[in-house]
Amino acid sequence: LGFCLDENAPEYVDARQVHGLREWVDGPAIIGEFGLQTLDQIIEQAKELSLDGVQLSPFADEATRLGLKDWFVIQEVMVAKDTAFADLENRLDEMAGQAGLFLLNLSASGIQWADLENDTPVSVSQLQDICSRFPVLIGLSWKATELPDILEKLSPEGIYVKGGEEEKVGY
């Protein structure tokens with residue numbers, strides 16, 4: 001379960017709430033999602049909240065990723081409608097070994113499964129290649145009926161799903 005710990009983001013979750021949820025939820029890893037915080041700020045919060053891992057923004061640098069060796073690192077990678085396959089591949093090659101997972105965020109650009117089937121911005125076969133060579137979470141706009149096909153064709157490590165808000169537990 002990931003919680004946004006970037007105070008400047010609209011999805012921000014207060015550290016007290018994360019701590020409470022950590023005590024309440026048993027089983028899934030608790031991930032802190034960070035924006036433009038410094039390495040020291042990330043480490044401080046990761047220790048304070050006993051995070052299992054951290055998710056870094058697309059703007060995180062190599063020093064930040066390497067400085068988080070005590071945590072599982074998920075590196076978000078934005079994929080825009082004009083992203084070239086070679087650029088995406090080179091970016092992942094540069095970061096290989098610095099993160100446990102790469103979250104390929106295509107949904108932020110509104111990219112849908114149908115776009116990939118039409119080779120925009122990359123083809124399904126190119127994404128298959130990426131998923132076979134790198135540990136990838138796919139963040140993509142899809143219809144529920146498309147999900148089995150996506151999982152079968154891409155075989156990613158997992159999918160990225162953004163949750164909603166609850167007024168109280170279970171509602």
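Predicted model: local features only at pLDDT ≥ 70, side-chain atom pairs only at ≥ 80, totals over all residues.
Residues are numbered from 1 along each chain as its sequence is written, and side-chain values use heavy atoms, with hydrogens and water left out.

Back to Gln 37. The side chain of Gln 37 also reaches the backbone nitrogen of Gly 35, again at 2.7 Å. Gln 37 sits in the loop between β2 and α2 (39-48); helices (H or I, at least four residues) and strands (E, at least two) are DSSP runs, numbered from the N terminus. Is Gln 37 buried or exposed? At 17% relative accessibility, Gln 37 counts as buried. The cut-offs are under 20% relative accessible area for buried, over 50% for exposed, and partly exposed in between, with a 1.4 Å probe and protein chains only. Leaving aside neighbours within four places in sequence, Gln 37 is in contact (heavy atoms within 4.5 Å) with Leu 5, Asp 6, Ile 42 and Gln 45.

Of those, Ile 42 and Gln 45 are among the buried residues of α2, along with Ile 43 and Ala 46. The cover over the buried residues of α2 includes α1 (15-24), β3 and α3 (62-66). Just after α2, Ser 50 takes a positive phi of about 50°.

Next, the sheet. Seven strands form an open sheet in the order β1-β2-β3-β4-β5-β6-β7, with parallel pairing. Two strands pair if DSSP finds at least two bridges between them. At the edges are β1 (2-4) and β7 (158-159), each pairing on one side only. Strands β2 (residues 31-33) and β3 (residues 53-56) pair over three bridges, and Ile 31 has Gly 53 as its bridge partner in β3.

The largest nonpolar core has 42 residues, and Val 54, Leu 92, Leu 104, Leu 116 and Ile 130 have the most contacts inside it. A second, separate core of five residues includes Ile 31, Leu 101, Leu 103 and Leu 137. A nonpolar core means a set of buried Ala, Val, Leu, Ile, Met, Phe, Trp, Tyr and Cys residues joined through side-chain atoms within 4.5 Å.

Last, charges. How many salt bridges does a search of the whole structure find? It finds five, a salt bridge being a side-chain nitrogen of Lys or Arg within 4 Å of a carboxyl oxygen of Asp or Glu. One of them joins Arg 22 and Asp 52 at 3.2 Å, N to O. Arg 22 is in helix α1 and Asp 52 in the loop between α2 and β3, so this pair ties together parts 30 residues apart in sequence.

Another joins Glu 89 and Arg 133 at 2.5 Å, N to O. Glu 89 is in helix α4 (residues 85-95) and Arg 133 in helix α6 (residues 124-133), 44 residues apart. Arg 133 also meets Asp 129 in a salt bridge at 3.3 Å, N to O. Shared partners therefore join Glu 89, Asp 129 and Arg 133 into one network of salt bridges.

Terms used:
Polar contact = N/O pair within 3.5 Å; in protein donor to acceptor, adjacent residues only side chain to side chain.
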